[in-house]
Amino acid sequence: MIEYVVGELTEITPAYAVVEAAGVGYGLNISVNTYTVIQGANKTKLYVYESIREDAHVLFGFAGKQERDTFLLLISVSGVGANTARMILSELTPAELCNVITTGNERVLKGVKGIGLRTAQRIIVDLKDKIGTLGIAGDAPASVEKETANIDNNVKNEAISALTMLGFAPAPTAKVVVAIMKETPGIAVEQVVKLALKQIK
């Protein structure tokens, strides 16, 4: 079992990171929250969850144990897979998710792609007692907003690529991304992705 990977961050998008350690490049699926924490770093440490299936061996990376613990709680709920859990953690920080669950806010969870009313209710019921025991609400890192100086095609293309990797169709995604960038000049890639996740259905 891989507990974590420490090494050079050689590639990163809001949905995927490659960390080179001891001459091996580890490709890890990440959330927008983790991207926000590690972007711009030369070296990083990502805690790992291994999803091993007959047809694939997929790694998920997290900037902190807290986010991974939240991810593990989410995938313990019937009907919530690893990609859905990553989607939830791309829209909500662990602290925000904790608040949503403890207050029973079904509406926010239903706004996440792939989450229907029954699944939202199941997440709240199954995790309401568990999520507080991990201290998730207490020390979750605040999200960091960084603005780029200019809007360019690199930002647009990276945002579209990340959203496509998260399962959205490229054409409607491109329209939403362009609209967001026009409304908010200088917006950073991770913020484009977060806003787009709330708008694309």
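Reader: How many salt bridges does a search of the whole structure find?

Author: The model is predicted, and the search finds one salt bridge. The side chains of Glu3 and Arg68 form it, at 2.7 Å from N to O. This pair links distant parts of the chain, with Glu3 in the segment before E1 and Arg68 in helix H2 (residues 65-75), 65 residues apart.

Reader: Is Glu3 buried, partly exposed or exposed, and which of these is Arg68?

Author: Buried means under 20% relative accessible area, and exposed means over 50%. Glu3 has 31% relative accessibility, so Glu3 counts as partly exposed. Arg68 has 8%, and therefore counts as buried.

Reader: Which strand pairs with E1 over five bridges and forms a hairpin with E1?

Author: In a regular strand, side chains alternate between the two faces of the sheet. Here E1 pairs with strand E2 (residues 16-21) in the antiparallel sense, over five bridges. Two residues lie between E1 and E2 in this hairpin. Leu9 has Val19 of E2 opposite.

Reader: What is the bridge partner of Gly7 in E4?

Author: The partner is Thr44. Strand E1 (residues 4-13) also pairs with strand E4 (residues 43-52), again antiparallel and over five bridges.

Reader: Why is helix H3 described as largely enclosed by the rest of the structure?

Author: In an α-helix there are 3.6 residues a turn, so residues three or four places apart point the same way. Helix H3 (residues 82-91) is largely enclosed because nine of its ten residues are buried. Among the buried residues are Ala82, Arg86, Met87 and Glu91.

How values were computed
Residues numbered from 1 in each chain as written. Predicted model: local features only at pLDDT ≥ 70, side-chain atom pairs only at ≥ 80, totals over all residues. Heavy atoms only, no water. Pairing = 2+ DSSP bridges. Helix = DSSP H or I, 4+ residues; strand = E, 2+ residues; numbered from the N terminus. Buried < 20%, exposed > 50% of the residue type's maximum accessible area, 1.4 Å probe, protein only. Salt bridge = Lys/Arg side-chain N within 4 Å of Asp/Glu carboxyl O.
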